[in-house]
Amino acid sequence: MRAVKDVMTGTQSGYRGQTIGLLGGSFDPPHAGHVHITREALKRFGLDRVWWLVSPGNPLKDRGPARLERRMAAARALMDHPRVEISDFETRAGTRYTAETIAALQQTHPGVRFVWLMGADNLAQLHRWKDWQEIALRVPMGVLARPGDRVEARTAKAAQVFRHARLHPRSSQLLGQCDAPAWCFVNVPMQDISSTRIRAHGDWARD
């Protein structure tokens with residue numbers, strides 16, 4: 001049995017000393033692209049495991065997602081991997097924004113090194129996130145390219161502000177051991193799929 005059963009409380013120190021990637025989002029719905037980016041992150045950034053942080057909702061979006069329980073169940077059914085866990089940490093911790101969530105995780109799990117994971121599209125808009133510079137100053141960031149977003153992401157405000165902290169892709173395995181600020185941009189074959197497109201096709205109706 002695993003030493004730690006609860007990502008929220010961390011009742012034992014089974015995660016201590018590990019490097020854990022954090023993939024946040026509404027996962028409305030989760031899809032093969034999330035699985036792909038997770039597996040690539042595990043390989044590229046030297047992570048021990050990845051946590052999917054299924055959020056109550058996205059503050060940048062006007063319309064709320066499907067019920068959390070439904071999205072959590074779909075995520076668990078899709079992402080079957082021994083080093084990946086699905087978490088509703090934000091709901092139980094009462095955090096709304098990424099910077100708050102990371103701070104709460106660091107307080108809850110001392111001795112764990114966290115890496116924030118994102119697609120290149122999120123890097124391009126990171127400066128719109130609340131307290132976005134605090135995110136970069138708290139944890140290293142692993143950025144994986146998606147189709148059509150590479151040039152925009154590399155010239156984004158966040159990339160320019162923290163250009164001095166960029167790690168060369170050949171050293172991506174060291175990202176989790178770097179002190180923040182540090183970020184690494186890697187090009188990977190990506191699946192051209194999105195939650196927005198799935199919803200638009202009517203394959204995932206909000207309930």
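Notes on the predicted model

1. A search of the whole structure finds four aromatic pairs, where rings of Phe, Tyr and Trp (its six-membered ring) count as paired if their centres lie within 6.5 Å, and planes under 30 degrees apart are called stacked, over 60 edge-to-face and the rest tilted. The pair of Phe 27 and Trp 52 is stacked, because the ring centres are 4.8 Å apart and the planes stand at 15°. Phe 27 lies in the loop between strand 1 (19-25) and helix 1, whereas Trp 52 belongs to strand 2 (residues 49-54), so the pair ties together parts that are 25 residues apart in sequence. Helices (H or I, at least four residues) and strands (E, at least two) are DSSP runs, numbered from the N terminus. Both Phe 27 and Trp 52 are buried, and buried here means under 20% relative accessible area, with exposed over 50% and partly exposed in between (1.4 Å probe, protein chains only).

2. As to the basis of these notes, the model is predicted, so that local features need pLDDT of at least 70 and side-chain atom pairs count only at pLDDT 80 or more, while totals for chains, interfaces and linings use all residues. Residues are numbered from 1 along each chain as its sequence is written, and side-chain values use heavy atoms, with hydrogens and water left out.

3. A tilted aromatic pair is formed by Trp 51 and Phe 114, at 5.7 Å centre to centre and with 55° between the planes. This pair links distant parts of the chain, since Trp 51 is in strand 2 and Phe 114 in strand 4 (residues 113-119), 63 residues apart. Trp 51 is buried at a relative accessible area of 0%, and Phe 114 is buried at 4%. Together with Tyr 15, Trp 51 and Phe 114 form one aromatic cluster.

4. The structure holds seven salt bridges, each being a side-chain nitrogen of Lys or Arg within 4 Å of a carboxyl oxygen of Asp or Glu. Within helix 1 (residues 32-44), Lys 43 and Glu 40 are three residues apart, about one turn of the helix, and their side chains meet in a salt bridge (3.4 Å, N to O). Glu 40 also meets Arg 44 in a salt bridge (3.3 Å, N to O). Glu 40 counts as buried at 9% relative accessibility, whereas Lys 43 counts as exposed at 52% and Arg 44 is partly exposed at 25%.

5. A further salt bridge joins the side chains of Arg 92 and Asp 88 (2.6 Å, N to O). Asp 88 is buried, with a relative accessible area of 19%, while Arg 92 counts as partly exposed at 37%.

6. Which residues does Met 72 touch, not counting residues up to four places away in sequence? They are Val 54, Ile 86, Ser 87 and Asp 88, where contact means heavy atoms within 4.5 Å. Met 72 lies in helix 2 (residues 68-78) and counts as buried at 6% relative accessibility.

7. For the protein as a whole, the secondary structure comes to nine helices and seven strands. Buried residues make up 49% of the 207 residues.
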